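Reader: Could you walk me through the aromatic residues in this structure, please? I'd like a close look at how they are arranged.

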Amino acid sequence: MNDAVRSMYQPPAAADLDHRVLREHVASVYAGHTATTCAHMCFAIAIGIFGYFHIDSTHHLLMIGMVAAVVLMHMHALFAPRWTPDVPLSESHHWARRYSGIVTLMSVITALPCALFLVLIQSPALSTVLIVVIMVSWTRAVRARWPLKRAMFGCGIPMMGGLILALIWQGGALNWFLALFSFANLILTLREGVMQNKRLTASLVLQFENEALAAQLRERVAAVERASAEKTRFLAAASHDLRQPMHAIALFGAAMENALHDHPERTNAQRLMRAVDALGASLDTML
């Protein structure tokens, strides 16, 4: 950006820029809200059905109750009021907090049946398969919330935290190894999410600053064009208003010079005409 452009550029206000960036992040997460919520609910139901047939029958009612709670929470998330493009810019923080709270609650409620199933199941093979399925689904869910860090942490930590605690509770070398692996996956995934969030935010900030710069340049160009038009009108008016008296003086001077043809004062009349001619040349040069 050269000095001339930089001198014209006034960056957007920090508060306004913050609201605009957050609005784009909220719009991004809500754009995939329905699909992500439905996928998460189906995943929880599938885990519940799978667990129902692999745990002791005395825990079936508990598993059914937890899955029902998961379904109800997800249905609430689907049909609750949501952000729309008509929402005022100043309410972006409210909707970001609302979305993050819903996502966190869904993650907590979903983590309960998953952790319970891991504790109750007795097959290492089934436990390993379940852990892999949970990690894959969890990673996709966290990535969908990258634009909002609070939602990303709210979605990621409860689910994986429940999984890690369940594995530690079970004990054994294999479970402890899986718990350590899950913890490492949690840290790395969240770290990547934070970096992606910073990139998204920086990209939006640059976009809005460029838009503000382009708008200011358009205003400057319009101002220059208006000034040029005003100058043209002024010169046209000046040319018309000044040339009329000059022509009148020239006519009167010529008439005076003819009237004084044999008079000694004719020399003064000639000098007057030379002065009028010089003034006319100067006026032509100026205009």
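Author: Happy to! Tyr 30, Trp 95 and Tyr 99 form one aromatic cluster. The model is predicted, so local features need pLDDT of at least 70, side-chain atom pairs count only at pLDDT 80 or more, and totals for chains, interfaces and linings use all residues. Residues are numbered from 1 along each chain as its sequence is written, and side-chain values use heavy atoms, with hydrogens and water left out.

Rings of Phe, Tyr and Trp (its six-membered ring) pair if their centres lie within 6.5 Å; planes under 30 degrees apart count as stacked, over 60 as edge-to-face and the rest as tilted. By this rule there are two aromatic pairs. In one of them, the ring centres of Tyr 30 and Trp 95 are 6.3 Å apart and the planes stand at 80 degrees, so the pair is edge-to-face. This pair joins distant parts of the chain, 65 residues apart: Tyr 30 belongs to helix 2 (residues 14-31) and Trp 95 to helix 5 (residues 92-120). Helices here are DSSP runs of H or I with at least four residues, numbered from the N terminus. Both Tyr 30 and Trp 95 are buried, meaning under 20% relative accessible area with a 1.4 Å probe, protein chains only.

Definitions and conventions. Helices (H or I, at least four residues) and strands (E, at least two) are DSSP runs, numbered from the N terminus. Buried means under 20% relative accessible area, exposed over 50%, partly exposed in between (1.4 Å probe, protein chains only).
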